[in-house]
Structures are given as structure tokens and as C-alpha cells.
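Please look at the model below, and follow how its chains are divided and where their parts meet.

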Amino acid sequence: MIEILTSHALNTIQDLGRVGARRFGVSTSGAMDPVAVAGGNALLGNEAGAASIEVQTFPFRLRFGADIAFALTGGDCSAVLAGRVVPPWWCMQAMAGDVLALSAPKRGARAYLTFEGGIDLPRVLGSRSTHIRAGFGGLDGRALQEGDVVPVGQTRREAVRRFDFGAEPPDVAIPNVFEDGVLRVRVLRAGEYDLFSDEMQAIFWSTTWKISRNSDRGGYRLTGAELTLPAPFEMRSHGVVAGVVQVPPAGEPIIQMSDANTAGGYPKMAAVIQADLWRLGQARPGSRIAFSEVDYKGAVAAMTPVNDYVTSLRATADLYRAL
Amino acid sequence: MSINRFTAPFLGALENNPSISLIGTLAMLIQAPGDFDMVQQGRIWALADVLSSWPNVQEAVIGVTNLMLVFEQPSEDIAALEASIVELWHRLPGRNADGKLIEIPVVYGGEHGFDLPAVAARAGLSDREVVRIHSEGEYTVCAVASSPGFGYLHGLDPRIFMPRKSVPSLNMRAGSVTIGGMQTGVAVLSSPNGWNAIGWASLPMFDPQSDQPSLMLPGDRVKFSIDRIEL
């Protein structure tokens, strides 16, 4: 087990999300950066969807209650384990009593801690992700706090395994889409794109949007321009997924993220493609993004480097641990 | 994919097709044509029943006269999939509101029904008449969405329609029986809420530990009964 020593607001247990319960009104939750969770689990030889601790407020400290191997992925936060620096995208063997401390990331917004054997909490509706609003999943359905004890699964190792290696982070390994500090996010047009005038469409593409401070795991509110319609338009309530870019009547777009409601009714301008959602999950409030259009084929093809990255990371890590 | 191909292109000319659009590569929204009515809603339920077992469909999420499909993987042939769905839409009979009957005892008015006087004032009725009209109605669960176990209920008597508030009530209690526009519902979470609270129900609406977590499901019928009136 591990014991939480320092945790401010909003750090939670998340896996790859709760699938199949939207029809009961249950949002998926899940890590904002799923590549970091899959990557950490690949480093450790866990199943890809083992639960992690998503750290988005710093400093964060925990103490290992047993000898446990862990991986640190996601944002580049200076981390120290019992006096030793833990580089980003790295796995290491902790000994009982070791303290791990994470500070605010120099790059990215969220760090992920995964543990060999996985976090051993019950699945609720198929997932260990914390659903804060409804109060279930994760640890008692709430954010972590000082004194919490998080159980970690027992692993029976067939052979001695080596843990002290890392990987090139995905934002380095997969061709970069930053330009002058602006994250380029690829989107597909969505259902109501054509309701907007040519002028509004042009503004959507040309604006450098700022992710407002009023953004969280539920959604990113964007500022920078107002996208208005000739007449108010509200749709009947319908299902939405993470990445959808909705335009409320005030005109400033909202991108729905992991904790978004299952339903919405605002006009949908676009949807962020799956291959860029994890990058968006690492974008901080206050940072800037711009949208680029891709077609369906391009959106599907864009997942190949992401899938290849995780697959090759797992294969390489399997070799390393056996050395 | 082993789905049926579109074989009768003239069918679409008989009536309007549903509108189909993508939300990214992993979700597809299917909207019934025309205005809201329960016939179209019943066809959406029937469509969801069939499509949820199609290959590559992770989930069929029912909305108000619409349906969102979530895919396991991006579909390889979107055009063929769309054509198959349109063909199915025209051939599939709708489902009736043939779900279970849920009876929900309500404490009307009082501490948790703080908007009852405002609803009565707008309707030009007494508080007791609003309670009588609301509790005599029979409602249909159109969709379960937005919050865990929250049913969009259709069938509210137009005399007690009440617009949503522009400023939500902070921390409305879970179990609040509410009116929002032409719909009524039972709040499942304690949270800010723009609907108008006319009472409170103790019946649990959602149990995350159950395989069937939501008491209300699309096609169920709901009746509210008077547990008590607090004026």
C-alpha cells in the first residue's frame, strides 16, 4: 500500500475511463492523458488500463508502505524518491518507507503515477476512475487527501525484474504540433458547423484561443473570439463525447473533457480527434491553442503513431525488465 | 462488418431520413426528423435496441429523439454504415412505452419544494391544484442522461410548465422533484440546478454498485403519488 502525505485539491484515481455506462447518464471520467496511463502501465508490465493517481495540483507527496515498483509519466514534474531524482517517463523500484515528492511540472499539466500490480480498489460500473460529481469510484468517490491509504495489488514475480529505466515522452517521440507556444489541435467538423456563417467559420480557424482559468476536467472554456449564430439555436438533448467543441449562446467555445456530462444541447462546431485529446489533456489553463482541420481518413490515420508509441514502449520495457 | 447493406434506395423518398453526423471518429449522432413526439422517440428506442448489438458498437446512448453511437474503433466505411442505419430506421417498428411502472411518493412543497409557490403563481392555480395536476399525470422516461440515473420525463400537463431559472439554485438536494420547461424529473445529485423544485422523493434513483444502476430506463412509465403536502 501507499500513504498520501500531501495532496491538495483535485488529485484523483483514474484509469482509462468508464465505458458502457453513458446510457445510465454516467460520464466516462478517466485520465485526461490516457497515453500517460497506458505508457506507465507499459513500463511496469501492467495491463494497459490499470488505475493511476492523476496529480494535477502540486506539491504532492506519498510514502511507500512496501517495496513497490512505480512509473511516473505525463507532465514533466521534478520528482524525487528518497533523495534520488526521478526523470519524467521513468520507472523505479521504491522500498518500504521511501517518500516520493512531485513538484509543479515544467511542461504539461498532469502527472500520472502507476504501480506494479495496479491500484487495488474495487471497480464500480467497470472502472476504478473517480466520478467526483456522483461520489463513486476511485477512493470513496472523492479526491485524495492527506492520510489516505491506497492499496496496491500484490505481484508474484517469476524472476527478478529490473526497474530503473525510462522512455522518450510521447510529446517528443511523436512529431510536434506546437508552433510558437501555441498547441495545434486537429479537429473534424461536427454537426452544426454549417450553421455558422463563412465569417464565423473563418474566425474559428484563425483565432488563437486561450484556455480560460475557468477550465477543469469537465471542460475547457476558450476565450479569444465570439462565434455567434444569426438566430439562437438549441438542440434537443443528445449524447456528447470528450473532445466535442460546443458553442453556447454567448459565443465562446467549450471543449468537453473527461468529466463532461453525457448529454448536451449546444451547437457543435467540431470535435478534437482522438490522437490529440491526450495532448489537450496536458494543456494548462492560460495556455493557447489553435484548431487545424483534418478529414476523417486523416483523423483515423493520426492514431497510428500514438498506438505504435505505446506498443513499442511495452515491447521495449518487457525486454528491459528481463535483462 | 456483417451489417445489412442498403438495398432499397427508394425507401428514403417515402419520408424524411434521420440526420446523421459524426462527433469525432468514435461517435455518431442520429437525429430523428421532425418535431418532438413520442412516436419518433419510440423509434429511437427501437433503433437503440438493435444498434447496440451491432459489431463495433460499444454503446447506443439515447437522447431526446436522437441516439448517439459510440464505437470501439473508427468505422472503416462510414457511408455504408449510415446507409444501413437509414434503411433500418425506415423498416423498424417503433417501441411503445412498455417498460415498468415506477411509483414515486413525493413530499410536495415544504423545505425542498421551495419553488412550488412560484409554479402555482405562474399557472394561476393554488399550490394544492399544482400538486394534484402533477401527481395525477403519467409520465414516460424518454432518455436517461446528464446525471447518473436522471430521467427526462415527458407528459407534464401544460398548465404547470415552468421555464428553467436563469440563475440556478445552489445545492439543490438529491431527490428534489423538479419542473424544467415542459419536463419534470427527479434530481439525482445534490448540486446547482436550474429546474424548479416542487417536492422531494426519498426513493433512490441510482445505485452505482448494481449492474442495473438506474431505476429509470427509457420507455419506463412514472407516476408520482402524494406522500404528504407541506404548505
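## Domains of chain B

Chain B is split into domain 1 (9-91) and domain 2 (101-230), with bounds that come from an automatic or database domain assignment. Taken over C-alpha atoms, the centres of these two domains of chain B are separated by 30 Å. Six residues of domain 1 of chain B are in contact with eight residues of domain 2 of chain B, where contact requires C-beta atoms, placed from the backbone, to lie within 7 Å. On the side of domain 1 of chain B that touches domain 2 of chain B, helix H1 (residues 38-51) of chain B gives the largest share, three residues; helices (H or I, at least four residues) and strands (E, at least two) are DSSP runs, numbered from the N terminus.

This is a predicted model, in which local features need pLDDT of at least 70, side-chain atom pairs count only at pLDDT 80 or more, and totals for chains, interfaces and linings use all residues. Residues are numbered from 1 along each chain as its sequence is written, while chains are lettered from A and ligands numbered from 1 in the order in which they are written.

## Strands of chain B

Strand S5 (residues 101-109) of chain B runs parallel to strand S13 (residues 221-230) of chain B, and nine bridges join them; strands pair if DSSP finds at least two bridges between them. B:Ile104 has B:Phe224 in S13(B) as its bridge partner. Strand S6 (residues 138-144) of chain B is antiparallel to S13(B), with three bridges, and B:Thr140 stands opposite B:Arg221 in S13(B).

## Domains of chain A

Chain A is divided into domain 1 (2-170) and domain 2 (178-304), and their C-alpha centres lie 28 Å apart.

Methods
Two residues are in contact if their C-beta atoms, placed from the backbone, lie within 7 Å.
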